[in-house]
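Please consult the sequence and structure shown here.

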Amino acid sequence: MRTAIVTGGASGIGLATTRLLLEEGWRVVAADRNPAALDDARGKLSAAADQLRLVELDVTSEEAVDTLVADTASSFGPIGGVVNSAGFGRDIPFFDTTPDLFRQIHEVNVIGAFLVSRAAALAMRETGGGAIVNIASVSGMIGNIGRTAYGASKGAVIAMTKVMAVELAPHAIRVNTVAPGPIETPLVAAVHTPEIREGWHRTVPMRRYGMPDEIASTISFLLDDRRASYVTGQTLAVDGGFVASGLLAPEG
Ligand SMILES: NC(=O)c1ccc[n+]([C@@H]2O[C@H](COP(=O)([O-])OP(=O)(O)OC[C@H]3O[C@@H](n4cnc5c(N)ncnc54)[C@H](O)[C@@H]3O)[C@@H](O)[C@H]2O)c1
């Protein structure tokens, strides 16, 4: 049985990924800093209790990350997959973006993903390799308004993925990025106003938001050493055609 660590695993994309990986026979450590979300997830995933560990973790704590990875490798592993889904953002104009917010977003989205990936890759290197999937965003690929800090952090994740893929290939560790468009998750429910929703519906060629399961299935493909055995260093936008688009036909 393969073991995966999913950060941000108690909500949204991370929760959908945890559920799918459990169905596919993985052992999963769902790590999240929100205890209430972890309790909630425990109820939703109770059928798979022996395959699942729900762990409180702040990905910005190097010590806590190292402990989680060591515990997982020694008693629930070997670690074959990592999904870095813990993250957050804010929609704020450039001139209103404070250095403090810029640092906080990078601390979680970039440094957190780096810490988890590095600790897990060190373990994977000893046990024959594995796969890492980082969750970026379409906002790391193009200039969406209000995303100075968030977009920069997700652009950094995309660049980090490519370097990791190159350096870790000799260790049989593949590293890829999934860049979601707008996905119906608790994060989005909290921050997308009707105006923001209207904007996405107008500019996404498929004219709808994606669902967490549609990201989870892409992550599961990229983690799979049979189906994605020669895929590494890639950024796959799962976005209803958003980053591929130019002029759209009027809705009608
Ligand atoms: N939902 C979208 O439209 C969308 C689009 C593009 C990218 N993303 C990215 O997908 C990822 C998941 O987002 P989501 O929409 O599922 O959000 P979500 O808020 O539903 O889930 C994110 C989870 O990450 C956890 N988390 C945040 N900071 C953490 C930390 N320091 N340590 C551990 N856990 C932490 C939160 O507690 C939460 O449970 C994020 O990286 C987000 O930037 C989401």
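The points below describe the ligand site and an annotated domain.

The model is predicted: local features need pLDDT of at least 70, side-chain atom pairs count only at pLDDT 80 or more, and totals for chains, interfaces and linings use all residues. Residues are numbered from 1 along each chain as its sequence is written, and side-chain values use heavy atoms, with hydrogens and water left out.

**Shell around the ligand**
- The ligand is surrounded by 27 residues, each with a heavy atom within 4 Å of it; the closest are Ser11, Ile13, Asp32, Tyr150 and Thr185.
- By class, the shell holds 14 nonpolar, nine polar and four charged residues, where Ala, Val, Leu, Ile, Met, Phe, Trp, Tyr, Cys and Pro count as nonpolar, Asp, Glu, Lys and Arg as charged, and the others, Gly among them, as polar.
- At least two shell residues come from each of α1 (12-23), α5 (148-168) and α6 (186-191), helices being DSSP runs (H or I) of at least four residues.
- The largest share, three residues, is supplied by α6.

- A polar side-chain atom of aspartate 58 lies 3.0 Å from a ligand nitrogen atom.
- Lysine 154 places a polar side-chain atom 2.9 Å from a ligand oxygen atom.
- For glycine 181, a backbone N or O atom is 3.4 Å from an oxygen atom of the ligand.
- The protein buries 93% of the 820 Å² that the ligand exposes when taken alone, by the Shrake-Rupley method with a 1.4 Å probe.

**Annotation**
- An unreviewed UniProt entry carries the annotation "domain: Ketoreductase" for residues 2-181; such annotations may be inferred rather than shown by experiment.

Definitions and conventions. A polar contact is a pair of N or O atoms within 3.5 Å; within protein, one must be able to donate a hydrogen and the other to accept it, and residues adjacent in sequence count only if both atoms are side-chain atoms.
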